[in-house]
Amino acid sequence: MQERKKWNPGSEGFRWLKQRSHERVCPMNVYWLEQVQGDVPSGNDWLSASEAACQQRLPFAKRRADWMLGRWTAKHAVASYLNLPARPLVLAKIEIRPAASGAPEVFVDERPGAVSISLSHRDGRAICAVAQSGVDLGCDLELIEPRSDAFLSDYFTAEEQALVARATAPDRARLVTLLWSAKESTLKALHTGLRLDTRCVMVSSESSCDLNGWSPIQARYSDGRIFHGWWRQTNNILRTVVADSPTDSPVPLRITAGSTDYISQCA
Ligand SMILES: CC(C)(COP(=O)(O)OP(=O)(O)OC[C@H]1O[C@@H](n2cnc3c(N)ncnc32)[C@H](O)[C@@H]1OP(=O)(O)O)[C@@H](O)C(=O)NCCC(=O)NCCS
C-alpha cells in the first residue's frame, strides 16, 4: 500500500504537489478514467481562474458542457495518477491547457506536469487517458452507429475497406467505429488531429480480449511509426487508447476520497 502524505493547502503542501508531479508512477502503463455529465458539479471552484474565464467565453452551451466534462475528467484522472487528493483547491491547481495544436497539456501549480494525457467527450460521457510524460498518447470515445459507404471510401484505406467488406452485417457498424476511433486516437497521439488525411493511419485489430475487456489494436502511420493500443466496448460505446510504445491493457483510475467528500459537501 502506497504511503499517502497528509494534504496541507499551504505553501508546503504545494511544494509537495510539485514534487509529486515529477514522479513517475509506473513506467509505460496507460491509465484511464471515464466520467459522465451527471458527475460534474454545478459550481466551478475546481477550475483555475483562467479556465473559468475560458469556459465563459465558449459561445455554445453544448460545447461549454463538453469542455467542463472533459476538464473534470482530466483533472480527476491526473489527481488520481499523481495520488493527489481530488479537492477543489487541488483540482484548480491542475490545469489542462490546449497546446497550439489543440492537444491537452497538464500544468500543476503553473509548471508542466510530468504526465501525458489525451481526452475525448461524446454524448455526455468523457474519457481521459494518462501516461508518463513524453509518451505520445491518444484516446477516443465513439457511439457504435451505422456509417455510410461514402464515409468508408472517403476516410479508410483500401485494406481497411476490404476488412469491412469481409465483416458480417451485424459486425459492420462496430468494426467501422473501431477503425475510425483508432484513427482518431492515433491522430491525437500524433498531435495533428484531423488536419492529416485519415488514410495515412492504417488500423489492424485482433479479436482476442484480455481479462479486463480490452482487446489489442495496432495503427501504422505512413512514415512507418507503429502505435500500440487497446479497444473496449460496453453497450453501444466504444473507446480506444493508443500510445507510441507497447503497453499492458489500460488500468482504471479511481477517484480519490477527497473528491467524494467534495461531492457530498456540494450536495
Ligand atoms: C482532435 C480531433 C480529431 C477531435 O475530434 P472530436 O471527435 O470532435 O472530439 P473528441 O471529443 O474526441 O476530442 C476532443 C479533444 O481532443 C483534444 N485535441 C484537440 N486537438 C488535438 C490535437 N491536435 N491533438 C491531440 N488532441 C487534440 C482536445 O483535448 C479536445 O477536447 P477539448 O477541446 O475539450 O480540450 C479534432 O477536433 C481535430 O482534428 N482537431 C484539430 C483540427 C482542427 O482544429 N480543425 C478545425 C477545423 S479545420
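Trainee: In which strand is Pro112 found?

Mentor: Bear in mind throughout that this is a predicted model. The strand in question covers residues 111–112, and Pro112 belongs to E4.

Trainee: Is Pro112 buried, exposed or partly exposed?

Mentor: A residue needs 20 or more other C-beta atoms within 10 Å to count as buried, and 12 or fewer to count as exposed. Pro112 has 13 such atoms within 10 Å, and therefore it is classed as partly exposed.

Trainee: Over how many bridges do E2 and E3 pair?

Mentor: Within this pairing, Glu95 stands opposite Phe107 in E3. E3 spans residues 104–108, and E2 and E3 pair in the antiparallel sense over 5 bridges.

Trainee: In the sheet of 4 strands, which are the edge strands?

Mentor: The order of this open sheet is E5-E6-E1-E12, with mixed pairing. The strands that pair on one side only are E5 and E12 (251–252).

Trainee: Which residue in E12 does Trp32 stand opposite?

Mentor: Strand E1, residues 31–36, runs parallel to E12, and 2 bridges join them. Across this pairing, the residue of E12 that stands opposite Trp32 is Pro252.

Trainee: Which element gives the most residues to the shell around the ligand?

Mentor: The ligand is surrounded by 20 residues, with Gly102, Ala103, Ser120, Gly193 and Leu194 the closest. Helix H3 (61–81), strand E5 (115–122) and helix H7 (169–189) each supply at least two residues of the shell. With 4 residues, the element that gives the most is E5.

Trainee: How far apart are the end C-alpha atoms of H3?

Mentor: H3 is mostly covered, with 15 of its 21 residues buried, and just after H3 Asn83 takes a positive phi of about 60°. At 1.5 Å a residue, the 21 residues of H3 should span 30 Å, which agrees with the separation of its end C-alpha atoms, 30 Å.

Terms used. Residues are numbered from 1 along each chain as its sequence is written. This is a predicted model: local features need pLDDT of at least 70, side-chain atom pairs count only at pLDDT 80 or more; totals for chains, interfaces and linings use all residues. A residue is near a molecule or strand if its C-beta atom, placed from the backbone, lies within 6 Å of it. The expected span of a helix is 1.5 Å times one less than its number of residues. Two strands pair if DSSP finds at least two bridges between them.
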